[in-house]
Every structure is written in structure tokens, then in C-alpha cells.
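Take a look at the model first, then read the points by topic.

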Amino acid sequence: MRKRLKMRVQGADGACPAPLQGFEELHERYKCGRRLLERMREANFKEPTPIQRQAVPILCSGSELLAIAPTGSGKTLAFLLPIIMKLGTHEEGGARALLLAPTKELAGQSARILRILSRGVSGLKSCLLTKATAGNDFSKVDIVVATPMRLKILLQHDKIDLSKVLYLVLDEADKLFEMGFVEQIDAVVAACDNKDVTRALFSATLPEKVEELARSVMARPIRLTVGERNSASNTISQRMVFCGHEAGKLLALRQIIREGIKPPVIIFTQSKERAKHLAKELTGDGLHIGLIHAEMSDSKREEQVDRFRMGETWVLIATDLMARGMDFVGVSTVINFDFPGSPTSYIHRIGRSGRAGRPGAAITFFTEEDAQRGDLKPIANVMKNSGCEVPEWMLNHTGEKGLRRRKRKDGKEDNPRRAPLDMPMGADPKVYAPDKKKRKKTPRKKNDDEAMPPLPKKWKGKSKSKEKKEKEKK
Ligand SMILES: Nc1ncnc2c1ncn2[C@@H]1O[C@H](COP(=O)(O)OP(=O)(O)OP(=O)(O)O)[C@@H](O)[C@H]1O
């Protein structure tokens, strides 16, 4: 079965459990309750996807796991099922499973699926860590879903005990291990110090360097790969559209819309400024436009996600904030209005369509400057590897000396300077492009999740560890 489903297992020393034939087998093999199986059927999960067939038995057997499978291939259920099955029923005394995700939206989405699956099934209590829930009593919760920064601050204030955690899952693991998050991840991994903890890392992409880092927090994991490493889902048809210069992009977009495009659609820009500008340009075109970026308040972001999910908005203009993990049913097309900064970013952005085996489409705009920066070749290679036709010149085009995109020291993607969307045709982009040096800097948080609320008054008392020490003294 592994060969047929393009699954590869490494590091198991011949001890990898057999893949599942079907969900029913979970009852015989792992005593999965009938109600959970029923709930899955109700949710239309009839047959396991390849990653679920193999990852669920690995996690149920207690092995640590590094799982890499394409976008939209069902990784969420692959880590939620073993947790729900293994934790059984509600217990007080501290969280026994912890899910980490890089964005609030993704954490919220996983928490939502967890609630749907476990409601009325096991009595397990889960909590999504947000500003509003940060003061909760986590000793009464079985499963915590969080972003790393928020959790690290709770740990620093001694407001959560992770020593009972038996399952630690890092979703979109490569993003979590990017510079900026490493310190928080280290703190969380160190706090999950139960000797029986099982750690699992999931993503659609795992660059080799990041894999080394990821392995440093695990003990002899099994490495499971489904499909080709670092490739796009093969249900997405992909094409690039040449727009000349920045000014040509709006024209190209309106042309595509005029030709008829089926909603829902997601359009990615490289920055919140450009997302806002594009939304303004398209308002009045008769489209139902949504907009989401990291500068918005939590409630606004939530509202935008909900409206898009319910079909109230047809076109969601977004930054890379929405590129990871978000699952909107039936997104027909993803448009990369601004060229993605890396193949990883490309794979995740376009992976918002073509999910759960459905067909999807991705259109990527490029300008002469994108080609000069040498950005085309890596993306063209991803397209070719997933079976799309790509012109030969793109696969060989390495950009122009002196104009190539520079790599930042911290490994993060650097956004190139782009002329504004409303620049007149034929105008000199250098005149219109904002000068980086002169651009007014607004004070920015290191990353979005650092917006931690001040400690509620009731926390200002003794920390748990201080209380413990005092008790021990007595
Ligand atoms: N066994 C199944 N049968 C049918 N649909 C499924 C099954 N498992 C998951 N799905 C559906 O597939 C879609 C994608 O699942 P999920 O969000 O878990 O993908 P993913 O692999 O985590 O993607 P990404 O890499 O983008 O985060 C969801 O809509 C989910 O409901």
C-alpha cells in the first residue's frame, strides 16, 4: 500500500506499524470508540487519506513522527485522531496534549475541528489560547491549542503546567522553526518534560536545514513522507501570467475577472499596504471583497475569516498570514498578485485551493523585475515537478547580476520594492517606488503574536512554583 500511495517511511528500524485499511480498523487495533467513528462518518471522513493511514498508527504506537504530506491532504485529522483516541476521557490535573500553530487563525481552525470531533464523544475539554482565555485555569483542560509566543509568555509567568503533556504536535513545523520562533519553541519543548511525551511535527514543506533543527527536539522520530518532498499538490493547475510591470497587474487581474472566475478566490499580496491598496482598487468592481492582514484586530481577522467561510465575501485579499494551513472549502483559484518570496511560500499559498483531492487553480503574476531578480526559476521548478508545463527558458532563467534578490541574514524572505498599484502605465517605477530608506517606520512588534495582554490582576499574586516552594519549606 505504501508504494501505491507514494508513502515513504524512514528511521523506523523495521518497526513501523502497518498502514490503516480503513477507519473501522481503528476500533479493532486501538479500541477507538464507536461514537468517534460515527462522528467521523457524519463529518464525511469515510476513507483515510494516505497521511492518515500511516501517521495515525505511528502516533498510536507512541513513536515520534516527522510527517511531510502535500497541502490539503488531511494532516489535521492525522494528528487529532490519535490524541482524541489516546486521551480517552476528561481528566483534571493539567493539559495532556498541546497543539502549536504559527498563526492565530490556524490555531483557531484546529481548535474548531477538535471541538467538532470530540463533542459528545469523549468529554475531552480543549482550550484555544487567546487574549480572552489566557487567564483560564489550564489544570481543567485536556488539550491546549496555541501559538508559540502567547504560550511562552504564560510559561514565563508560570501560569500553565505542561509536565503532563503526552502529545506535543507542531503543525506547520517548518514555519514554527523559522528564526524568530525558535526561542519560543525551545521553551515549550523544554516545558513538556513528561518522560512519556510523544512529539510530532507536520508540514507540507520541510527544507533540509529546518529538518535538522526540528530533529534536535525529537528522539529518533519516524520520518513519513507522502508524495514528493517540497512539492505542490498535484490537483492544482498552475500557470504564470506576464504583466510587464507593476502597472500591468491590475489590468491583468480585471481581465481574468472579466473572463469569468468562479468564487471563492484568494489573492495574495506581499504586504499589508499592498493588500489594503488592492482592496481599495477593487471595491466598486461589483465583487464581494474581503481583506485580511496582521495589522487588523483579532476580532476583525476572525470576522473576515468567517465571512469568507460562509460565502459572504467571494474574493479574499490576503498577505502570507493566510498562506499556511487555512482550509476554506472549494477555493477555486489562488492568484499570486505579488510573486511569492520562495518556493515554500508558493506551495503553501497555492495550497489553499485543490484541497481534499478537489481540483484547484493557481495563477501567478510576474513582471520584468521579478524575472530580473531571478525569482522565476525556483517556482518554475515546483510547477514542473507537479506535472505542469513550463517554458524551458523559465527553468533556466537565473536573473540578472546585481539585480538578484538578496538573502537576508536571518533566513527570512525579503520583500522587493514594488511600484504602487496605481502607477501610471509607462512611468518610471524608480520615481514611484517608495524609497526604503525614507519610508516612515511605524513601530512594529517582532511578530504578530507578541501582542500579549498585560497580566490580569488575579495573576499578580504568587506564581504556582513559588506556592509550591513555600509549601515544601513548611
Ligand atoms: N479522510 C478524509 N476524507 C475526506 N475529507 C477529508 C479527510 N481528511 C481530511 N479531509 C478534508 O480535507 C481538507 C484538508 O484537510 P487539512 O486541512 O487537514 O489539510 P492539511 O494537510 O493540513 O493542509 P495544509 O498543509 O494546507 O495545512 C479539509 O477540508 C478536511 O475536512
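The model is predicted. The chain holds 18 helices and 14 strands.

**Overall build**

- The chain has 474 residues, and 51% of them count as buried.
- Take the contacts in the chain with a separation of 6 or more: residues 24 or more positions apart account for 75% of them.

**Domains**

- The chain is divided into domain 1 (7-226) and domain 2 (236-427).
- Their C-alpha centres lie 30 Å apart.
- The contact between them takes 18 residues from domain 1 and 20 residues from domain 2.

**Nonpolar cores**

- The largest nonpolar core has 102 residues.
- Within this core, Leu26, Phe202, Ile267, Ile317, Met322 and Phe365 touch the most other members.
- Helix H4 (residues 75-87) gives the most to this core, namely 9 residues.
- Domain 1 (7-226) and domain 2 (236-427) each supply at least three residues to this core.
- Another core lies apart from it and has 35 residues, including Leu66, Leu129, Ala146 and Val197.
- In soluble globular proteins, nonpolar side chains tend to be buried together.
- Which residues does Phe365 contact, leaving aside its neighbours within four places in sequence? Its partners are Val241, Cys243, Lys249, Ala252, Leu253, Ile256, Ile335, Asn336, Phe337, Phe339 and Asp370.

**Ligand site**

- The ligand is surrounded by 19 residues, and the closest are Glu47, Gly72, Lys75, Thr76 and Asp327.
- Gly72 places a backbone N or O atom 2.8 Å from an oxygen atom of the ligand.
- At Gly74, a polar backbone atom is 3.1 Å from an oxygen atom of the ligand.
- Lys75 uses its side chain: a polar atom there lies 2.7 Å from an oxygen atom of the ligand.
- Taken alone, the ligand exposes 640 Å², and the protein buries 86% of that.

- Is Glu246 buried or exposed? Buried means under 20% relative accessible area, and Glu246 has 5% relative accessibility, so it counts as buried.
- The side chain of Glu246 makes a polar contact with the side chain of Arg274, at 2.8 Å.
- Leaving aside neighbours within four places in sequence, Glu246 is in contact with Arg274, Asp338, Thr367, Arg418 and Ala419.

**Helix H6**

- Why is helix H6 (residues 148-156) largely enclosed by the rest of the structure? Of its 9 residues, 8 are buried, so the rest of the structure largely encloses it.
- The buried residues of H6 are Pro148, Met149, Arg150, Leu151, Lys152, Ile153, Leu154 and Leu155.
- Asp158 follows H6 and has a positive phi, near 60 degrees.

Technical notes. Residues numbered from 1 in each chain as written. Predicted model: local features only at pLDDT ≥ 70, side-chain atom pairs only at ≥ 80, totals over all residues. Heavy atoms only, no water. Core = buried A, V, L, I, M, F, W, Y, C linked by side-chain atoms within 4.5 Å. Buried < 20%, exposed > 50% of the residue type's maximum accessible area, 1.4 Å probe, protein only. Helix = DSSP H or I, 4+ residues; strand = E, 2+ residues; numbered from the N terminus. Domains from an automatic or database assignment. Contact = heavy atoms within 4.5 Å. Near = heavy atom within 4 Å. Polar contact = N/O pair within 3.5 Å; in protein donor to acceptor, adjacent residues only side chain to side chain. Areas by Shrake-Rupley, 256 points an atom, 1.4 Å probe, with all protein chains shown as cover.
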